[in-house]
Amino acid sequence: MKVIIIEDEKPSARRLQRMLKAINVEADTMLHSVEESIDWFNNNTHPDLIFLDIQLSDGLSFEIFDQVEVKSAIIFTTAYDEYALQAFKLNSIDYLLKPIDDEDLEAAVTKYKARLPQKTNIALDFEDIKKLLVNPIDRVYKKRFSVKVGQHIKLVNIDEVECFYSENKGTYLHTTEGRNYLLDTTLEALENELQPEMFYRINRKFFVNINAIKDIISYTNSRLQIKLNNYNNDQVIVARERVKDFKQWLE
């Protein structure tokens, strides 16, 4: 089985390579840009399986398919859940949200192997996808959440929320007044509902409000610890794979 990784962040690519090796999958080729990938596909035998980041340093990875007819199966990797629906319209086996979980990765590879020797061609309407991804001008984000308090329904405005977090299979919001409320949703669903300039998903458990950050401290394994104004139920740690993007988001 020939496998390649297309990922613009080299540390993330190497981490994925190590994770694959741990489940006996060798990915010897790593590409880091749209331009490099197009050149590689034009001069090499196409692989059986591609691990493909959606956003590369020089554009969206969908642009590769605009130049090259790729017939490989694809497992998408990205920090942006909003792209999932379009990604699955390609010849996608699975979709992995960063930071990638070991169990999720193994399940995706198992799913790919179970499909063999079935082959299907990629079908891609690039222009429609480009419009969706590059110009999401008309997107409307949540302005408030309704939460149940006893027999009452309380409205919480978005600027009153310090963070969203998951705990014991529940999703909660924590307010600037220090209150926690259970929501009838998931963190994955919130990906498309929160204004990206205000909220950032720092790991699999937390979204934080930029206006609620009191302090940022260097932490073990190249991670960052965030101190929020009121929330102190648990440590708030930026996953190592998200530190670079988190720093860019702060600016």
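**Charge, burial and pairing**

Tutor: Glu35, Glu36, Asp39 and Asp58 form a negatively charged patch on the surface. The model is predicted, so local features need pLDDT of at least 70 and side-chain atom pairs pLDDT 80 or more, while totals for chains, interfaces and linings use all residues. Numbering runs from 1 along each chain as its sequence is written, and side-chain values use heavy atoms, without hydrogens or water.

Student: Why is Glu36 called partly exposed?

Tutor: Buried means under 20% relative accessible area, exposed over 50%, and partly exposed in between (1.4 Å probe, protein chains only). Glu36 has 33%, so it is partly exposed.

Student: Which residues form the positive patch?

Tutor: Lys10, Arg14, Arg18 and Arg240 gather there on the surface. Arg240 sits in the loop between strand S17 (236–238) and helix H8 (243–250). Its relative accessible area is 44%, so Arg240 is partly exposed.

Student: How do you know that Ser72 is buried?

Tutor: Its relative accessibility is 1%, so Ser72 falls under the 20% limit. The side chain of Ser72 reaches the backbone oxygen of Pro47 at 2.6 Å.

Student: Why do Arg204 and Asp104 count as a salt bridge?

Tutor: A salt bridge needs a side-chain nitrogen of Lys or Arg within 4 Å of a carboxyl oxygen of Asp or Glu. Arg204 and Asp104 meet at 3.3 Å, N to O, so the pair qualifies. Arg204 lies in the loop between strand S13 (199–201) and strand S14 (206–209), and Asp104 in helix H5 (residues 102–115), so the pair ties together parts 100 residues apart in sequence.

Student: What makes Arg201 and Glu188 a salt bridge?

Tutor: The distance is 3.0 Å, N to O. Arg201 lies in strand S13 and Glu188 in helix H7 (residues 187–190), so the pair links parts 13 residues apart in sequence. Arg201 is buried, at 5% relative accessible area, whereas Glu188 is partly exposed at 35%.

Student: How many salt bridges does the whole structure hold?

Tutor: A search finds 5.

Note on methods: Patch = residues over 30% accessible without salt bridge, like charges linked within 9 Å, V, L, I, M, F, W, Y side chains within 5 Å. Areas by Shrake-Rupley, 256 points an atom, 1.4 Å probe, with all protein chains shown as cover. Lys, Arg positive; Asp, Glu negative; His and termini not counted. Charge placed at Lys NZ, Arg CZ, Asp CG, Glu CD. Helix = DSSP H or I, 4+ residues; strand = E, 2+ residues; numbered from the N terminus. Polar contact = N/O pair within 3.5 Å; in protein donor to acceptor, adjacent residues only side chain to side chain.
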